[in-house]
Amino acid sequence: MGIELAGIKMKNPVMVASGTFGFGEEYAELIDIDQLGAIVTKSVTLAPRAGNPPPRIVETPAGMLNSIGLQNDGLKAFLDTHLPFLAKHDVPVIVNVAGETVNEYVEVVKALSKESEVDGIELNISCPNVKKGCMSFGIDPKMTEELVKAARKVSKKPLIAKLSPNVTDITAIAKAAVGGGADALSLINTVMGMAIDIKSKKPKLAMTTGGLSGPAIKPIAVRMVWQVAQAVKVPLIGIGGIMTAEDAYEFILAGAAAVQVGTANFIDAEAPLKIIKGLKKYL
Ligand code: RRO
């Protein structure tokens, strides 16, 4: 079950997806987090962010919409409290990084790269819920390459670029990220969506639109992993509606070297562990 992905050694290929597992503290009370392939943290930004106003989560058929807006307590709190907590555990730590400007990403990546307990960095160039930065980098090949290159310059850590599905040709973005020096790619982030309450005639989310996740997006994600697998040579991490071992295996067949479990964590904290067991049984 063990793999080595972009130099990161994992007990198995099943990670938890950014934004669905916080920094592991709450889930550690429910499951043995050391059994996971890796933990990908909630996005870390240079300064703390309060996120968007509520409501910012809504259930939809076979999925959910979120508009969290990059809420997190910033780089300093990550280094002072979250990383020391994760360092006590025997599980690789991949830190998801986001920002509004190239410089903000560079500052966070630089600081994280000095930390021996950080095993890898996932560059979030795909958050759909903020006005500035983030997804605007990941929908433009030139900006994607520029941002990854800037991060590459200041870091020797494994760099994973997390791609947005909200593009016409995901292979162009994938090639640009690899051209910029990404060691691996993770895909997909959430698909931009919207839901309206027909009684109030108002959007269900305070910010009107949000990112769709869950089984509803799995076929889109499998298709994109399959397309990107033919366009680049770096390892791919498949994400999108993985609820079971069978779903995970589907992504592996499409060309993924590993997977991340996201929305399933909200339904069943043990979902990733069950998926690990299921894959093992399959083998
Ligand atoms: O915080 C969010 O609203 C968010 C982020 Br950073 C992301 O990458 N994907 C998403 O669906 N929501």
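The largest pocket of this predicted model is lined by 33 residues. Ser 18, Gly 19, Thr 20, Asn 66 and Thr 190 lie nearest its centre. A pocket is defined on a 1 Å grid over the protein atoms alone, as an open set of points where a 1.4 Å probe fits, with protein on both sides within 12 Å along at least five of seven lines; lining residues have an atom within 4 Å of a point. The volume of the largest pocket is about 560 Å³, taken as the space filled by probe spheres set on the points, which are joined across faces, edges and corners. Its lining comprises 12 nonpolar, 19 polar and 2 charged residues. Here Ala, Val, Leu, Ile, Met, Phe, Trp, Tyr, Cys and Pro count as nonpolar, Asp, Glu, Lys and Arg as charged, and the others, Gly among them, as polar.

Residues are numbered from 1 along each chain as its sequence is written, and side-chain values use heavy atoms, without hydrogens and water. Local features need pLDDT of at least 70 and side-chain atom pairs pLDDT 80 or more, whereas totals for chains, interfaces and linings use all residues.

The ligand sits in the largest pocket; that is, more than half of its atoms lie within 2 Å of the pocket's grid points. Around the ligand are 13 residues, each with a heavy atom within 4 Å of it. Lys 42, Asn 66, Gly 69, Leu 70 and Thr 190 come nearest. By class, this shell holds 4 nonpolar, 8 polar and 1 charged residues.

The side chain of Asn 66 places an N or O atom 2.8 Å from a ligand oxygen. Gly 69 uses a backbone N or O atom, 2.8 Å from an oxygen atom of the ligand. A ligand nitrogen is 2.8 Å from an N or O atom in the side chain of Asn 189. Taken alone, the ligand exposes 320 Å², and the protein buries 93% of that (Shrake-Rupley method, 1.4 Å probe).

The second largest pocket has a volume of about 150 Å³. Its lining includes Met 1, Pro 13, Tyr 249 and Leu 283. Helix H7 (245-254) and helix H9 (271-282) each give two or more residues to this lining; helices are DSSP runs of H or I with at least four residues, strands runs of E with at least two, numbered from the N terminus. The lining has 9 nonpolar residues, 1 polar and no charged.

A cis peptide bond joins Pro 54 and Pro 55, with omega about -5 degrees. Pro 55 is in the loop between strand E4 (38-40) and strand E5 (57-60).

Note on methods:
A polar contact is a pair of N or O atoms within 3.5 Å; within protein, one must be able to donate a hydrogen and the other to accept it, and residues adjacent in sequence count only if both atoms are side-chain atoms.
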